[in-house]
Amino acid sequence: MTSASVAAPPRMQWQIATVRAVVDETPRVRSLILDVPEWPGHRAGQHVDIRLTGEDGYRAQRSYSIASAPEAPDLAVTIERIDDGEVSPYLAANVQVGDRFEIRGPIGGYFVWTAPLGGPLFLIAGGSGIVPLMAMLRHRALVDSKTPTLLIHSSRGFEEIIFRNELERLATKEDGLTVYHTLTRRQPVGWSGGARRIDRDMLTGIGIPPAMTPRIYICGPTPLVESAARILSELGHEPGLIKTERFGPTGG
Amino acid sequence: MIDIPIARGFFGRKKPEGQSARIPPGQHLVHDFPVLSAGPTPVPDLASWRFTLSDGDTRLGSWSWEEFNALAQTQVKVDIHCVTTWSKLDTNWEGVTLDTLLEAAGLDEAPAPYAMIHCEGGYTTNVPVEDMLGGKAMVATRYEGQPLDPEHGGPARLLVPHLYFWKSAKWATGIVFMEEDEPGFWEQLGYHIYGDPWREQRYTGD
Amino acid sequence: MERDALTLDGNAAAGLLGELFAIEMTAAVATCDACGTSGAIGGARVYGGEMGAIFRCATCDAVIVRLVRTSRGISFDARGMRCLVVAEASA
């Protein structure tokens, strides 16, 4: 076997990100607005790798979805705190404005939507799986796309809906976006959205039918993604149009 | 070169005092049981399950689930060490040692010095036979007094705790003896051919 | 076989692939040598956790690509892949 030394392509080289602002989205979820001097730009749906080096020299690396639109002036990642995780408690709780860490990206070219791809666009999110889909919705809004779009967003409770206010604003623009929330554990009094996990009845009842050949993006915990992708495939959606991103147990 | 920023208040996992003599270099202690797989978890089917010993193409012995459980069962309490740097102490296992399997197959000794462990889903790993004799390895079917969970390798996995844990192959279905050592699934990709955690043999050349 | 909580998508391993290839490999289309089905690398199933990325065919679960970072470098084994098509626009 021969070996060649590997010099990573430029987009895969580590550079320094500085935290310019933090935004608490929910009690467990925080967005970090980052300054990255040589950010090459990205497409909606891509992610970054973030690497932390501890005071004792220990290093840990995780992938996080980009939340901001390519057209937005600021690069933002949105991170859910996993209590027994290693990296997310630091990034989603301890980090302060002015802190710096290593970043590389953008990464991934599969789970990506750009307006010229068209639609209809059918987005399904579980919890923090909304993050890369939010980048798509923000991109859609900033380029004034009228692509018919449906988002089904599953959260545990009302206060845990990530980007709730912004989604509400986007949905009132009447530019073809419909947002449907389902709350799996607790629903406020008078709640008119869904009150259970995403299931076959929900996907049949309010989903975009296969005849309209929507581009489907599903992101969230593995069981949700697995189940939604299987049901949509069984309903007759073309497997090549169903793209998934599972949030696995990577230790947070 | 860039100046690497240090994350304030961020530390790696530390070894607890007093236990470091049992934790190999580069490892840290865990209390849960992390799961790592090279493929999807097979659905157990005890009715069709068999465990087979072979010498090359020659079948030496083969046991159904009932036959396997009728063999002498051995219990061990051991420490396990995963190459991804976690170690877990005092784990309790029950199963059939390779010594017992050889005896049940009517053999006085192993027919060859090396072995390849074969598993459901095509996973393989190589272990020298010497490292599996004298009670050093078993085909385990129970963990902490319970039937081994599929995600941890049930119905049966190899347990060879003095080597990195990828050698303790999950969903094991057979052992094939070989005259020459050959690399298994991870070993072909550059993981160490032997994998001694105390010598930190993680990768080829370590 | 059942998919379980350990399953990830091919795009989860895009970082490691990106260290090796100048093109965006997750958008490239691979043909599984076992069943002949074609699909984007990003849509393959990925296993292996911290040991490496084992890409399996989304249709038949056969291993198509194995990618491991060792102390000596990155190992790439693609014997389970019959053909790889890279769209020029994604290069």
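**Reading the sheet, the core and a chain contact**

Q: In what order do the strands of the open sheet in chain A lie?
A: In this predicted model, the open sheet of chain A has 6 strands, which run in the order E4-E3-E6-E1-E2-E5 with antiparallel pairing. The twist from one strand to the next averages 40°.

Q: Which are the edge strands of chain A?
A: An edge strand pairs on one side only, and in chain A this holds for strand E4 (59–65) and strand E5 (75–80).

Q: Over how many bridges do E3(A) and E4(A) pair?
A: Strand E3 of chain A, residues 47–53, and E4(A) pair over 7 bridges in the antiparallel sense.

Q: Which residues touch the most other members of the largest nonpolar core?
A: That core has 136 residues, and among these Leu123(A) and Leu133(A) touch the most other members. The element that gives the most to the core is helix H2 of chain A (residues 130–142), with 7 residues.

Q: Why does this core lie between domain 1 and domain 2 of chain A?
A: The core lies between them because domain 1 (12–107) and domain 2 (115–247) of chain A both give residues to it.

Q: With which residues is Leu123(A) in contact, leaving aside neighbours within four places in sequence?
A: With those neighbours set aside, the contacts of Leu123(A) are Leu133(A), Met136(A), Thr149(A), Leu150(A), Leu151(A) and Tyr217(A).

Q: How many residues does the contact take from chain B and from chain C?
A: The contact takes 22 residues from chain B and 22 residues from chain C. On the side of chain B that touches chain C, the residues divide into 11 nonpolar, 8 polar and 3 charged.

Notes:
Residues numbered from 1 in each chain as written. Chains lettered and ligands numbered in written order. Predicted model: local features only at pLDDT ≥ 70, side-chain atom pairs only at ≥ 80, totals over all residues. Pairing = 2+ DSSP bridges. Helix = DSSP H or I, 4+ residues; strand = E, 2+ residues; numbered from the N terminus. Axes fitted to C-alpha atoms, helices over the stretch in contact; angles between N-to-C directions. Core = buried A, V, L, I, M, F, W, Y, C linked by C-beta atoms within 7 Å. Buried ≥ 20, exposed ≤ 12 C-beta atoms within 10 Å, placed from the backbone. Domains from an automatic or database assignment. Contact = placed C-beta atoms within 7 Å. Nonpolar A, V, L, I, M, F, W, Y, C, P; charged D, E, K, R; others polar.
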